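Thanks for asking me to look this over. Here are my notes, written to be read with the structure open beside them.

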Amino acid sequence: MGLLSNTAVLLQKEIQAEYRSHELLTTATVFILIVIVLFSFTFDPTSAESRQFGPGLLWLAFLFSASLMLQPCFLKERANDTLSALRLAVSDPFAIFLAKLCANTIFLIVTELLLLFVFAVFYNVGVLPVFPQLVLVFFLGSLGIATTGTALSAISSQARMREVLLPLLLMPLLVPVLIPSTEATKALLEKDHALRWDWLGILIAFDVVFLTALWLFGEYLLEE
Amino acid sequence: MSQRIGRPTGFKFTKIEKRFGSLHALRRLDLEIAAGECVALTGRNGSGKTTLLRVASQLTRPTRGEVTFPGMKDGEAPAIGYVSHAVMLYDELSAEENLLLFARLMGVSEPRKRASMLLEATHLASRAGSLVRTFSRGMKQRLAIARALLHEPGLLFLDEPGTGLDTESMAWLVKTVRGLRDEGRTIVMSVHGESALSQWATRAARLEAGALIADTRGGATFQTVFAGGET
Amino acid sequence: MIKTGVYTFLVCALMGVAAYAAFYVAPTEATMGLVQRIFYLHVPSGMTSLLAFLISFVGSVSYILTRKPKWDWVAVSSAEVGIAFCTVVLLTGPIWAKPAWGVWWAWDARLTATLVLWLLYVAFLILRTMMEDTDRRALVSAFFGIFAFLDVPLVYGSIWWWRTQHPQPVIFSSGALDPTMRRVFNLCWLSATCLMALLIRQRYELEESREELRALEQELEAR
């Protein structure tokens, strides 16, 4: 009935649906894996090079995968017009966005952590010493990707050529997520395992700005 | 976030216009539906019936004009039930899960009990745990109506609810609509001409190209409204 | 309001004066020589494009709040003009860099950020072409326009910090300007801004006429 309880109910539904079908997680994970393998053919994967190029490749793979994974987010609500049912049922339309972006953040983090271990094995990079810090970086970055991606998914579901449109809109917007996430990840994987709060600060700023913007203007996206 | 009120309410269209790009779906519509009326809305395909229902339920925002709900005080909003062409249900969830989801979202007290009761009433109790994906059109429609009734709405919109229903489901629908009308709820249903469903209407109106061309409120007979509108 | 014809003439005159000043009045820069004069076009264009994007943002927010089509026209007109000035920055950058420093492109903070902005607002225009319904297109692109502009400081910030962390030879710094140079610069900036206003207005009127035509066509069809 309130925003938070509506969000909780919808979040549970999103996770339950994904738990049953595994569609998003499976395809996203396999896609990132393919990208990592393909990228490996483009440079010499010695340990030093991997530490230098690896984080960038990892985050690029995450971004591309996210732009594919976020496609169905609002598209599937159009199939049976469940979006209208939700709009009639919830007290605050922001609950719809909040639930979806929380679910997407969770899905993104799960696939990212899975692939982090694959990355560690492929490139002999030690991730365990800094695992909690990496989770923090992944969380802040994924939150930014999910917030903007969920909003843009609502946009692209109303337009033509939506499969290409979503990445086209999302990628430039996420430059302020790509750079800090890559740099923070790189710093953590270096010998001194530094946690760079300057980069995390930019990520936090990004998340706050776009969450607020979505909260203020999101309901207009759902209008007809 | 106004409080939703379940008592029957009417609504009023004042100079409502709705354009979709170059398409004029509704033209300067003035309409008043009183609480408790059971209105059969008819008209050809593309006449604007669906748009009218969507604007009244506030799913669609009018390009111009105002929708008001007389009888609602400040901070109150009517509890609305909507059944449309699309089933508005999640294929990947079971019947019971669907009802529980919407019941919880709408703050229905004792959601499980209410869902069970509606599943019984719609003869779907035996399939409560089956995924909606496996349902026939008739079963989906019954479940859609159950969803619309979860929060005991005072205002119901049914968009061609009889489409694709087999005889048994249709008979059930007719009985249900009659029952809801007798309970005093306001019902607006779009229909394709006279049918078993429209016989329970207390009022009929015809739309043509987005404008109201006949209304039993305005003196026309049921027959003329359903026949074609011209008196 | 000044009549368009008069205003156009004034802007052209102002641009002429500014160009003359840039070539003949401003002193030649010590290290880079003649090619440095492109700075009088490069930097004002960058500032003007940001101003245009700000106007577009105002248009987007106003449209969402009022739903008056004129704000959508403001949003798209200023976005297009902003992209045009952005393009000037991206073209003059290499023209300046090659003779002066020997490279076509340096991943200089400002230039890189301008490139990202260019991509962002081009995406905005592409979004609009993918939607037919005028009202929905206006609403949806207003939303993206808001997101795009909110991203601007974050793009600049993150790229600038990135460049600070991985220093490269600084290329396009303004540095301390000689007083005459500063006066010429201000003149060029003023003329760029006036040109921007003119172009936005022309584009706005074009959009307004298009809408009028469309409305008339519809009315005809309705009969």
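Predicted model: local features only at pLDDT ≥ 70, side-chain atom pairs only at ≥ 80, totals over all residues.

1. Let's begin with the overall make-up of chain C. Its secondary structure amounts to six helices and zero strands, so to read from the N terminus is to read α-α-α-α-α-α. The C-alpha trace spans about 70 × 45 × 25 Å along its principal axes.

2. How much of chain C is buried? Of its 223 residues, 39% are buried. Contacts within chain C can also be sorted by sequence separation: taking those between residues at least 6 apart, 79% join residues at least 24 apart.

3. Next comes the contact between chains C and A, to which chain C gives 26 residues and chain A gives 28 residues. On the chain C side, helix H4 (109–129) and helix H5 (134–165) each supply at least two residues. The largest share of that side comes from H5(C), with 17 residues. Sorted by class, the chain C side holds 21 nonpolar, three polar and two charged residues.

4. Within chain A, have a look at helix H7 (residues 131–156) and helix H10 (residues 197–222). Two packed helices are described by the angle between their axes and the distance between the axes. Here the axes come within 9 Å and cross at roughly 25°. Since angles under 35 degrees count as roughly parallel, H7(A) is therefore roughly parallel to H10(A). The crossing of this pair is left-handed.

5. Which residues of H7(A) and H10(A) meet? From H7(A) they include Leu140(A), Gly141(A), Gly144(A), Thr147(A) and Ala151(A). On H10(A), among them are Leu203(A), Phe206(A), Asp207(A), Phe210(A) and Gly218(A). By class, this helix contact has 14 nonpolar, five polar and one charged residues.

6. Turning to chain B, you will find a hairpin built from strand E2 (residues 11–20) and strand E3 (residues 23–33). The two strands run antiparallel and are joined by seven bridges. If you want a landmark, Lys18(B) stands opposite Leu26(B) in E3(B). Two residues lie between the strands of the hairpin, and Gly21(B) takes a positive phi near 65°.

7. Chain B also has an open sheet of six strands, in the order E7-E8-E9-E4-E10-E11, with mixed pairing. Its edge strands are E7 (80–83) and E11 (211–215), each of which pairs on one side only. From one strand to the next, the twist averages 20°.

8. Inside that sheet, strand E4 (residues 38–42) and strand E10 (residues 203–208) of chain B pair in the parallel sense over four bridges. Val39(B) stands opposite Arg203(B) in E10(B).

9. Where do helices meet the strands of this sheet? Helix H1 (residues 49–56) of chain B packs on the sheet, touching E4, E8 (155–159), E9 (186–190) and E10 of chain B. The direction of H1(B) makes about 150° with that of E9(B). Helix H4 (residues 137–149) of chain B lies across E7 and E8 of chain B, running at about 165° to E7(B).

Terms used
Residues numbered from 1 in each chain as written. Chains lettered and ligands numbered in written order. Contact = placed C-beta atoms within 7 Å. Nonpolar A, V, L, I, M, F, W, Y, C, P; charged D, E, K, R; others polar. Buried ≥ 20, exposed ≤ 12 C-beta atoms within 10 Å, placed from the backbone. Axes fitted to C-alpha atoms, helices over the stretch in contact; angles between N-to-C directions. Parallel < 35°, antiparallel > 145°, perpendicular 65-115°, else oblique. Left-handed = near helix turned anticlockwise from the far one by under 90°. Pairing = 2+ DSSP bridges.
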